[in-house]
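Please keep the sequence and the model in view while reading.

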Amino acid sequence: MKSSEITNWFNELKSRCPNGKMTKKDMLKCYKDLSTCDMDKVEHVVNAIYQAFDTDKDGKVDFKEFAIGFLLTTKGSIEEKLDYTFQIYDIDKDGYIDQSEIDIMAKYVLRMLGGNGNEGESVELLKHFIAACHCNEQGLITKENFIQALSKNELLRQLLSPFT
């Protein structure tokens, strides 16, 4: 990204958020205005990743946090986007996606696709995802397996990482 683009972003964000911090509502508006991504998915994705952008956990997203998150979800390589997606789904930040995190992920994806996220709807998605990711002997999905599986499967990649 060119330095002139970053300067333009900074000026735009500064005019929207003079204190340099964005609420989730501010971030949603910025994504809608700045992104070329599918607008139907933006609101759901922003809700899911807002917490990941707030790296210092102060309840607001500053310019640096927004720029890193936005670039990774809209401008990065597929591997960078999938790495970032893994971080979003690894809720407890232990380096693995476990069964409870898979359940949350499946419900989120199903809601994003218009379902109500109940258990019955998520069973097939879970089976396909788990089979593709080759869980380790403890039933956990590593970042390496997650990235490898989604790199090879476009349908799963579109479902689980909408900005790739």
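Is Glu124 buried or exposed? The model is a predicted one, and in it Glu124 has a relative accessible area of 55%. Since exposed stands for values over 50%, Glu124 is exposed. This residue is found in helix H7, which spans residues 119–133. Glu124 and Ala106 are separated by 18 residues in sequence, and their C-alpha atoms lie 9.6 Å apart in space.

**Overall architecture**

The chain comprises 9 helices and 4 strands. Followed along the sequence, these elements give the pattern α-β-α-α-β-α-α-β-α-α-β-α-α. The chain has 164 residues, of which 40% count as buried. Among the contacts in the chain with a separation of 6 or more, 55% are between residues 24 or more positions apart.

**Helix H2**

Helix H2 covers residues 24–34, and its buried residues are Met27, Leu28, Cys30 and Tyr31. These residues lie on the same side of H2, because they cover an arc of only 165 degrees around the axis. An α-helix has 3.6 residues a turn, so residues three or four places apart point the same way.

**Helices H5 and H8**

Two packed helices are described by the angle between their axes and the distance between the axes. The axes of H5 and H8 come within 9 Å and cross at roughly 125 degrees; the two helices are therefore oblique to each other. Their crossing is right-handed. On the H5 side, the residues that meet H8 are Ile78, Glu79, Leu82, Asp83, Thr85, Phe86 and Tyr89. On the H8 side, Lys143, Phe146, Ile147, Leu150 and Ser151 take part.

**The salt bridge**

How many salt bridges does the structure hold? The structure holds 1 salt bridge. Its partners are the side chains of Asp83 and Lys143, at 3.0 Å from N to O. This pair links distant parts of the chain, with Asp83 in helix H5 (residues 78–89) and Lys143 in helix H8 (residues 143–152), 60 residues apart. Side chains of opposite charge can pair when their charged atoms come close. The table gives the accessibility of each partner.

| Residue | Relative accessibility | Class |
|---|---|---|
| Asp83 | 21% | partly exposed |
| Lys143 | 33% | partly exposed |

Asp83 and Lys143 also belong to the set of residues through which H5 and H8 meet.

Methods: Residues numbered from 1 in each chain as written. Predicted model: local features only at pLDDT ≥ 70, side-chain atom pairs only at ≥ 80, totals over all residues. Heavy atoms only, no water. Salt bridge = Lys/Arg side-chain N within 4 Å of Asp/Glu carboxyl O. Buried < 20%, exposed > 50% of the residue type's maximum accessible area, 1.4 Å probe, protein only. Arc of directions from axis to C-beta. Axes fitted to C-alpha atoms, helices over the stretch in contact; angles between N-to-C directions. Parallel < 35°, antiparallel > 145°, perpendicular 65-115°, else oblique. Left-handed = near helix turned anticlockwise from the far one by under 90°. Contact = heavy atoms within 4.5 Å.
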